[in-house]
Amino acid sequence: MGLVAGKVALVTGAAAGIGRASALAFAREGARVVVVDDDTEGGGKTVAMIEETGGSAVFVECDVSDAADVEAAMDKTVSAFGRLDCAHNNAGVEGPMALTAEYEEDEWDRLIDVNLKGTWLCMKHEIPRMLFRGGGAIVNTASFAGVVGVEGLPSYSASKFGVNGITKVTALEYASMGIRVNSVCPGPIQTSMIDRLLETNPAAVAELLASAPMGRLGRPEEIAEAAVWLCSDRASFVNGHAMVVDGAFTAR
Ligand SMILES: NC(=O)c1ccc[n+]([C@@H]2O[C@H](COP(=O)([O-])OP(=O)(O)OC[C@H]3O[C@@H](n4cnc5c(N)ncnc54)[C@H](O)[C@@H]3O)[C@@H](O)[C@H]2O)c1
């Protein structure tokens, strides 16, 4: 029996990186999976990967910062699979590295819109559908940059501290109604997000690697394992928790 056998799980940002690994892990552990992303090609590939292993998945195109898109995605989830039990709100973007006083307003707004407002919008439309079936479990992807300050990432850090904040608020609000809400805070993980940073700022990636206590970046699958466990009944008393999965990166 898989950890989430028989459940319906929705994963945003599932066309690549951590989200794809999470979608695959939910499917491996027995869930039917809704792959949500604004990248149609990558989303379709994730669905194909799940189907190749005998799993069941659908792709829903959605920009998580767009309220109408998010509501439609939740409706499509229920149309496809009849219910929603687990949600991994993971879609996120990085911005250019710049000092706070030099940060561009449009970049600030874009990061807050996708990373923070997108997480709130997803929960806003997931919670009523979970309550309709008696409960559920949500995990939001924050970051190590939502636990400690990271120079050069003012809006990214603010968005991820915000994700941890709204996670705790929502956990308290719905604890008595059968919904658990946690976050996962990855350290630096080898995905296209880090590849892009390597192109624009190789020194920053070298610094991340040099200061990594385990001498390596994390793998997307190592975050996916935490997300699936947090959404499973094995984590039945874990609620309002920001789980750091960072190879001791923030332990100093
Ligand atoms: N890679 C890291 O080092 C790292 C560390 C800490 C936290 N995170 C967080 O993990 C999450 C996943 O990041 P990743 O490293 O897998 O990045 P990634 O760039 O590989 O994947 C991000 C996915 O999100 C999707 N996405 C972006 N904006 C979207 C939008 N508006 N609507 C719908 N989908 C959208 C992209 O299309 C992509 O499929 C993000 O929230 C990121 O902030 C990443």
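Which residues does D85 touch, not counting residues up to four places away in sequence? In this predicted model, D85 touches G6, K7, V8, M130, G136 and A137.

## The setting of D85

D85 sits in the loop that runs between α3 (67-81) and β4 (86-89). Its relative accessibility is 7%, under the 20% cut-off, so D85 counts as buried.

## The largest pocket

The largest pocket holds about 1,200 Å³ of space. It is lined by 49 residues, and E94, Y156, T191, M193 and I194 are the closest to its centre. Four elements are listed as giving two or more residues to this lining: α1 (17-28), α5 (154-174), α6 (192-200) and α7 (202-210). Of these, α6 provides the largest share, with five residues.

Sorted by class, the lining of the largest pocket consists of 25 nonpolar, 14 polar and ten charged residues.

## The second largest pocket

In the second largest pocket there is about 190 Å³ of space. Its lining is made up of 17 residues, and those closest to the centre are R216, L217, G218, D246 and G247.

The lining of the second largest pocket divides by class into ten nonpolar, three polar and four charged residues.

Conventions
Residues numbered from 1 in each chain as written. Predicted model: local features only at pLDDT ≥ 70, side-chain atom pairs only at ≥ 80, totals over all residues. Heavy atoms only, no water. Buried < 20%, exposed > 50% of the residue type's maximum accessible area, 1.4 Å probe, protein only. Contact = heavy atoms within 4.5 Å. 1 Å grid on protein atoms, 1.4 Å probe; cavity = no way out; pocket = protein on both sides within 12 Å on 5 of 7 lines; lining within 4 Å. Points joined across faces, edges and corners; volume = space filled by probe spheres on them. Nonpolar A, V, L, I, M, F, W, Y, C, P; charged D, E, K, R; others polar.
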